[in-house]
Structure formats: C-alpha cells, structure tokens
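Here is a short briefing on one protein model. Look at the chain first, then read the points below.

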Amino acid sequence: MNNFILIFLFLSLGLVLQRVKQFPTHIYKTLNKIVIYFCLPAITLYHIPKIKWSSELLFPIGAGWITYFLAFAFFHFLGRRNGWSNKLIGCLILTAGLSNSSFLGYPIIEALFGKKGLETAVLVDQPGTFVVVSTLGVFTAAFYSKGSPNALEILKKIILFPPFVMFVVSCLMNIFRFDLNENIQSLLLKIGSLVTPLALLSVGLQLTFDRKSQHWKFLRLGLFFKLILVPFVIFVLYVFIFNQRSEVIKITLMQTAMAPMITGAILASTYGLKPKLSSMMIGFGIPISFVTLAVWYFVLSFI
C-alpha cells in the first residue's frame, strides 16, 4: 500500500510544481540522470549477485525479451507503414515494450503470491526486463533519436551505459560467488530506493493533460498493446503452446501485464523521444493497469 501511495504522491507533486513559476521544471533532466547514473546501477549491484541460475528460469527471464521484440516489430512496422516519425516509434517501443516489473511488480506479486513469489518477480525484472532496457533499450533510444546513427556509436552507448556496466560487473560477481558486505548492500538499497520517487517526480513534471494533443491516439494504442495485447500473446505462448501452468508462469504473466516501465520512459525522455507521450504512458498507464491486472489475475485463476 505504501508503494501505491508513493506513486500518486510524487506524480501529484510533479504536477503541482509545474504550476509554481519559480520552480525550474526542466530539473527533470537532472533527475533522469541521477536515476540512470546512480539509482539503477545500485539496484543491479544488489540483486544480480544473489540470483541462482537454472534452466527453469528461462520462462520468466524470456518474457521481458519476448515483450520487447514484439513491441519493436509491432511499432516499427506500423510506424513505417503510417509514416510516423522515428521519435514517435522509438517512444512507443521503449514505453510499451518494457514492464514496470520492479516498483509496481514487486508489491503486487507479493500481495497476490506471497514472499515466495518475489523470487520469480526478481527474475522477470533483473536478468529479463532490466537487462533489456540496458541493452536493446539503449540501442532503440540511440537509433531512433538520430535516425541513422553509426553502429560503433550505438555500441559505445550500450557499453558505457552505467546500468549495463554494473550488470556485467554483477554477473561476474555472481559467477565467482562474491557479494558485498552488509553495510555496502544496505547503502545500495538506500540509493536504489530513490529510483521511484525521483523518476515519478520527473514524470509528473512532464505530464500534461492537453485535450487537443495528438498524443492521445498513440497513448491508447500504446496502452492497449502493453496492458492487453502483449499479456495475451505471452498467455497463449506459455500456457497453450508450451503447456506451462505452474505458479511461476502465472507470476511471469502478471509481471508481463504490468504498466509501462518508468525507466523506459526516462530513457525515452533523456533521448528526446516524445517526452510528453512517454510521461503520459506512465501517468495514465499505472492507474489503468490496476484494472487490467485484476482482469488478468481472474483469468489466470482458471489455468
């Protein structure tokens, strides 16, 4: 419950501060950098070294990758067919192709499936969604923000992306079974805990409710894809094609049905990919997802 209160508190704070003339609303750019350069690497360094790998983890880990590839194919094809700008296509891929599987996902999964369910939730989030945003997400942001960027330039952006660098370090720590002492881990948790309030404040500072905006039809399309179409595809793939009906699969499907990932919206905003639309995907996606998640939980109770 505290997490949900925090969501609306910081979104509302950002909206209020927009109305304060003396407040520098462009500070959201600084908030985005703090999230990317400090908070996200801290989360990675804390979680990845603790993961125990096995072949059974392929389904939860693979869900984030499948979701992103579906978004990339869907919006790239649709965008090219309809003459959309590169920035619009990139924005929709980054926001509709990534799930809010940590801040929103963790408390919801714990409430529905208990502490044990968090183990699967972390797998969907860390080696799944989080690695996707650190690699393919950065590639998408760089590619669609420039139009035809140099391949070496994109590779450089991925390799030097702080969360990705920390992911590589964390994987090496996992392989060699090394973890940091408790004091450092406690510090990492505190730094990582800032990601949500800072990111949501940034979203609130950019969120607008212009009824005449051309973004509304793309918002509807993006949320339909993220909250309904993608979970349906994963549901059919995992349950009917791969014949998987365990609790791990149910948790994976619920994670896939979460609202758009805040980090994806931050990345889109940082690279100038329709910042207003990316903020709308978060600002409207989170409350709407509470309804669609309830529907999906009801559907999963029958498998």
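Where is Phe-176 found? Phe-176 sits in the loop between α8 (162-175) and α9 (182-192); helices here are DSSP runs (H or I, at least four residues), strands likewise (E, at least two), numbered from the N terminus. This is a predicted model, in which local features need pLDDT of at least 70, side-chain atom pairs count only at pLDDT 80 or more, and totals for chains, interfaces and linings use all residues. Residues are numbered from 1 along each chain as its sequence is written, and side-chain values use heavy atoms, with hydrogens and water left out.

**Surface**
- Phe-176 counts as exposed, at 65% relative accessibility (buried is under 20% relative accessible area, exposed over 50%, partly exposed in between; 1.4 Å probe, protein chains only).

**Salt bridge**
- The count comes to one salt bridge (a side-chain nitrogen of Lys or Arg within 4 Å of a carboxyl oxygen of Asp or Glu).
- Lys-50 pairs with Asp-179, with the closest N and O atoms 3.1 Å apart.
- Lys-50 lies in the loop between α2 (28-47) and α3 (58-82) and Asp-179 in the loop between α8 and α9, so the pair ties together parts 129 residues apart in sequence.
- Lys-50 is partly exposed, with a relative accessible area of 35%; Asp-179 is partly exposed at 28%.

**Cores**
- The largest nonpolar core has 83 residues (buried Ala, Val, Leu, Ile, Met, Phe, Trp, Tyr and Cys joined through side-chain atoms within 4.5 Å).
- Phe-75, Leu-94, Leu-200, Leu-267 and Leu-277 have the most contacts inside that core.
- A second, separate core of eight residues includes Ile-48, Ile-51, Leu-57 and Val-131.
- Leaving aside neighbours within four places in sequence, Leu-277 is in contact (heavy atoms within 4.5 Å) with residues including Leu-88, Cys-91 and His-215.

**Lys-146**
- Lys-146 is in helix α6 (residues 115-146).
- At 49% relative accessibility, Lys-146 counts as partly exposed.
- Not counting residues up to four places away in sequence, Lys-146 touches Glu-153 and Lys-157.
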